[in-house]
Amino acid sequence: MNTRKSVLDVRDANLSMAHMYAGYAAVFIGAIAGLLQGLVRGGLIELPAGIGYYQLLTAHGILLALVFTTYFIIGFFFSGMSKNMGSLYDGPRKAGWAGFYIMTAGVILTTIMVLLNEGTVLYTFYAPLQASPYFYIGLTLVVVGSWISGYAMFGQLYKWKKENRGKVSPLFSYLAVVTMLLWQIATLGVAATVLFQFIPWSFGWVEKIDVLLSRTLFWYFGHPLVYFWLLPAYVGWYVIIPKIIGGKIFSDSLARLAFILFLIFSMPVGFHHQLLEPGISPFWKYLQVVLTFMVIIPSLMTAFAMFATFETAGRMKGSTGLFGWFKKLPWSDVRFFAPMMGMLIFIPGGIGGIVNASHQINQMVHNTLFITGHFHLTVATTVVVSFFGFTYWLVPVLTGRKLTAKMNKLGIVQTLLWIVGMLIMSTAMHTVGLLGSPRRTAFTTYQDHPDAVMWMPYHVVMAIGGVILFIAAMLMIYNFIYLAFFAPRGVEEYPMGEVANEAEKTPMILENWKIWIGVSAALILIAYTVPLIGIIENSPPGSPPYRFW
Ligand code: HAS
């Protein structure tokens, strides 16, 4: 007898859960690749059977940073929209499944290519590294699938708005739609380079590729990509955490405004990944550095909103004094503890980002392990630990089970292991990065470098941190399987927060998509038109396919 009870429409829960299975399968393989790659880099093991360091690094980056995140984000968003709006409409649900299957076909194709060593080009697939055309086709399918899921969410909100004229859209759904809109606009860059440059070049239809143009189109996508990862964590912080800590959402409008600022400012900043590249004039780099500092503001707003949420929740529970709220937070509840660890780690993670973005200082850290340290704090901790924290209640909600007290404890252990492992690994990365150790470099390449003796102890520490992280990842897989298949049946709460009574009324202008997409497009045109024309005009002789220019 099926005793499954869910607080969600079961059809939507199944759609969301399918994304979770695929996402955690990626974590499993990606974490193994990460462990091996770290041990090789530390000079501790040698790989058998012709497996290469860069091959593992590619698998690790793609499966964890791209595949796990994308599945988790889409599955999480579908679940929240279904909860917010009663259930998904049939059209969006069907589109959601179509998106899932197309993405999965793409992930399988890309993973096979990487495992066959036909796609050893790292997750940024910079030219002139060349993969099999099927690697790029696989990635294209992943993006197209995610677009379809995004359209499903747009359709869902559109229909809901039609049926609820004049009402403000539910906060979770609004934030999910802004994130998917950001993704839609951002992926135009990567779609352009893959379709018009990489696929023709890898099939041999054209002989050459314009490296600078491909990198520029990639980074037009690459920076908003990091906010595509971050914003779903913020959705949980803004909307879910207040409920878990027994408080209210501090301000609905502030959350919406922060997301709109991300939509506007996260695209025209890609040059901060290319500050050391010749071929882009300093003026345009400078402009994009200024815009990068603008995109820090919504994160500072988020920090403010979180503190306000904690304080008001604490005061509702009777806390007094400046920091009395601290003791009222539910530290022993993994649903809070894990995302909170993510928030705390984002403080050094964000500071590292500001260091990277600081034009001249970038010269010191660019292409060193400092950057690897930065993104392991941001995406691999702030984002991932938040996603893990959401998993502890979301999977029981989706499967009609309970988060048991024992699993809650194990979840805290798992989170702590992750944080300890990451602090060890990432601190070593930041430090050795400042000592000049290059990133993305196989042991054999740097072992004879004059500074290698100085770097090596740090690389070993990195590997030790990596081993702890691997244990934490495997524990997470165990926890996921337990919650999905073995936890006792029951009804787990979907902790959807409510807005504080005192909060100001949400201005409808925040839902005027034409304005925000218009401003976003204008900034993109200002930041990119002239430099792109310059790149194309000065492209190397015979660089197809745009020589008609
Ligand atoms: Fe970054 C490189 C600049 C944020 C990810 N970044 C990367 C790469 C990745 C990445 C993957 O300007 C490597 C790409 C590659 O392979 O080459 N990054 C920034 C800046 C920010 C930033 C300015 N990055 C992120 C996030 C990421 C991410 C988020 C993933 C999710 N990054 C750069 C630059 C480079 C770069 C350069 C290129 C470097 C190079 O040379 O190649 C900002 O968005 C950061 C703003 C964040 C803050 C922190 C706010 C803090 C909050 C928490 C509050 C805590 C609370 C808890 C409330 C200002 C919101 C308190 C509780 C208590 C109890 C106290």
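Predicted model: local features only at pLDDT ≥ 70, side-chain atom pairs only at ≥ 80, totals over all residues.

Colleague: Good to know. Let's begin with H16: which helices cover its buried residues?

Modeller: Among those covering them are helix H5 (171-202), helix H6 (211-244), helix H7 (252-265) and helix H8 (282-316).

Colleague: And which residues of H16 are buried?

Modeller: They are Trp 516, Ser 520, Leu 523, Ile 524, Ala 527, Tyr 528, Pro 531, Ile 535 and Ile 536. As background on spacing, an α-helix has 3.6 residues a turn, so residues three or four places apart point the same way.

Colleague: Where does H16 bend?

Modeller: At Tyr 528, by about 40°. A proline, Pro 531, follows within four residues.

Colleague: What does H16 span from its first C-alpha to its last?

Modeller: The span is 34 Å for 25 residues, which is close to the 36 Å expected at 1.5 Å a residue.

Colleague: Okay, changing topic to the ligand. What holds its iron atom on the protein side, I mean which donor?

Modeller: The protein gives the iron a single donor, NE2 of His 374, at 2.2 Å. You'll find His 374 in helix H12 (residues 369-399).

Colleague: Which residues come nearest to the ligand?

Modeller: Of the 37 residues around the ligand, those are Tyr 227, Asn 362, His 366, His 374 and Arg 439.

Colleague: Which helix supplies the largest share of that shell?

Modeller: That's H10, with nine residues. H6, H8, helix H10 (334-357) and H12 each supply at least two.

Colleague: How far are the ligand oxygens from the side chains of Tyr 227 and Tyr 123?

Modeller: For Tyr 227, an N or O atom of the side chain sits 2.6 Å from a ligand oxygen. With Tyr 123, the corresponding distance is 2.8 Å.

Colleague: Last one, Ala 487. Is Ala 487 buried or exposed?

Modeller: Ala 487 is buried, because its relative accessibility is 1% and the cut-off for buried is under 20%. Ala 487 lies in the loop between helix H15 (452-486) and helix H16 (513-537).

Colleague: What is Ala 487 in contact with, beyond its neighbours within four places in sequence?

Modeller: Arg 401, Lys 402 and Tyr 482.

Technical notes: Residues numbered from 1 in each chain as written. Heavy atoms only, no water. Buried < 20%, exposed > 50% of the residue type's maximum accessible area, 1.4 Å probe, protein only. Contact = heavy atoms within 4.5 Å. Donors = N, O, S within 2.8 Å, 3.2 Å for Na, K, Ca; no water. Expected span 1.5 Å × (residues − 1). Bend = angle between axes of the 7 residues up to and from the residue. Near = heavy atom within 4 Å. Polar contact = N/O pair within 3.5 Å; in protein donor to acceptor, adjacent residues only side chain to side chain.
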